[in-house]
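Colleague: I would like to learn how to read the features of a protein model. Could you take me through them in turn?

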Amino acid sequence: MPPLYRPRAWHLIVVAFIAMFDLVVLYMVLFPQVTPEYRAYYITRSASCFPRIISGFYPLGEPISFVPDRNGYKLDTVRWCGFMPPSTTGIRSFGDYGIIRMQVPLPDDDLLLTFESWANTDSSKPERDVDVVVNGENVGTLAFTSAARINGKMIIPQTIARLGGKDSRGNDILEIKFVVPRTGPPGTNSEPITLQLRLESMRVTPLKQAVDAGVLEAEDTAKSQGADSSSAPAKKPKA
């Protein structure tokens, strides 16, 4: 008759602790306690980029240069998600969108958003539309029909500018998202192929200041316009 193994009490305690540890790990796998950004990018895959840790500081009204050695605000404090680091070609988008996030005290006025943009397309390809969304609301659409530059000029109503809420320091949050179209099926890494948008500069200015400086004609302040360009067509904001 083979000998019987009789576990000692401490053996059973160790096995119980291992079983409890496994249950805890299983619970963490099934119900992970993570930030919404982590969940959206790594778990549900509903986001195409993972946000950077930035201050969001921006001196309102100052031009931002995304190209080294050019005049303008150069600190990398507003490139939040979906844009590559600044280079000689500006910042380039990757994924379904790129987001610029500013944390500034907003004036009691509408804002004027201006920027220089390009895209990796040409006249042999179909028109590629890029939606400009501020705090979840569409303020305009860029229509790229060639590799020519589009100088964006869009009015951000005060009501939309304040939809982003405030940060812990009481600053208003301004989230400017450039939503680019998909141009092909996913590649070998399962990532979709999208239009690549390139921004060289950007500026957000209180509307009255923009009119006083001659950036915007006074009669234009009564209506919200889409992107304004002399080199490529642009659509007016969607209703």
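**Strands, cores and spaces**

Modeller: Eight bridges join β4 to β9, and these two strands run antiparallel. This is a predicted model, in which local features need pLDDT of at least 70 and side-chain atom pairs count only at pLDDT 80 or more, while totals for chains, interfaces and linings use all residues. Residues are numbered from 1 along each chain as its sequence is written, and side-chain values use heavy atoms, with hydrogens and water left out.

Colleague: What counts as a strand, and when do two strands pair?

Modeller: Strands (E, at least two residues) and helices (H or I, at least four) are DSSP runs, numbered from the N terminus. Two strands pair if DSSP finds at least two bridges between them.

Colleague: How many bridges link β6 and β9?

Modeller: Four, in the antiparallel sense; valine 134 stands opposite isoleucine 176 in β9. Strand β6 (residues 128-134) also pairs with β7, antiparallel, over seven bridges. There, valine 133 is opposite asparagine 138 in β7. The hairpin of β6 and β7 has two residues between the strands, and asparagine 135 takes a positive phi near 50° in it.

Colleague: Why is strand β7 said to be largely enclosed by the rest of the structure?

Modeller: Buried means under 20% relative accessible area, exposed means over 50%, and partly exposed lies in between (1.4 Å probe, protein chains only). Six of the eight residues of β7 (residues 137-144) are buried, so the strand is largely enclosed.

Colleague: Which residues touch the most other members of the largest nonpolar core?

Modeller: A nonpolar core is a set of buried Ala, Val, Leu, Ile, Met, Phe, Trp, Tyr and Cys residues joined through side-chain atoms within 4.5 Å. The largest one has 35 residues, and Met102, Ile176, Phe178 and Met202 touch the most other members. Elements that each supply at least two residues of this core include β4 (97-104), β9 (172-179) and α3 (158-161). Apart from it lies another core of eight residues, among them Cys49, Ile54, Tyr97 and Ile99.

Colleague: What does phenylalanine 178 touch?

Modeller: Contact means heavy atoms within 4.5 Å. Leaving out residues up to four places away in sequence, the contacts of phenylalanine 178 include Phe83, Phe115, Val130, Leu199 and Met202.

Colleague: How do I read a cavity or a pocket?

Modeller: On a 1 Å grid over the protein atoms alone, a cavity is a set of points where a 1.4 Å probe fits but cannot get out; a pocket is an open set with protein on both sides within 12 Å along at least five of seven lines, and lining residues have an atom within 4 Å of a point. Grid points are joined across faces, edges and corners, and a volume is the space filled by probe spheres set on the points. The structure holds one cavity of 30 Å³ or more. The largest cavity has a volume of about 50 Å³, and its lining includes Ile64, Phe66, Asp76 and Pro86. The largest pocket holds about 230 Å³ of space. Of its 14 lining residues, Thr114, Phe115, Gly152, Arg203 and Val215 are the closest to its centre.

Colleague: Where is arginine 45 found?

Modeller: Arginine 45 is in the loop between α2 (36-43) and β1 (64-65). Its phi is near 60°, a positive value in a residue other than glycine.
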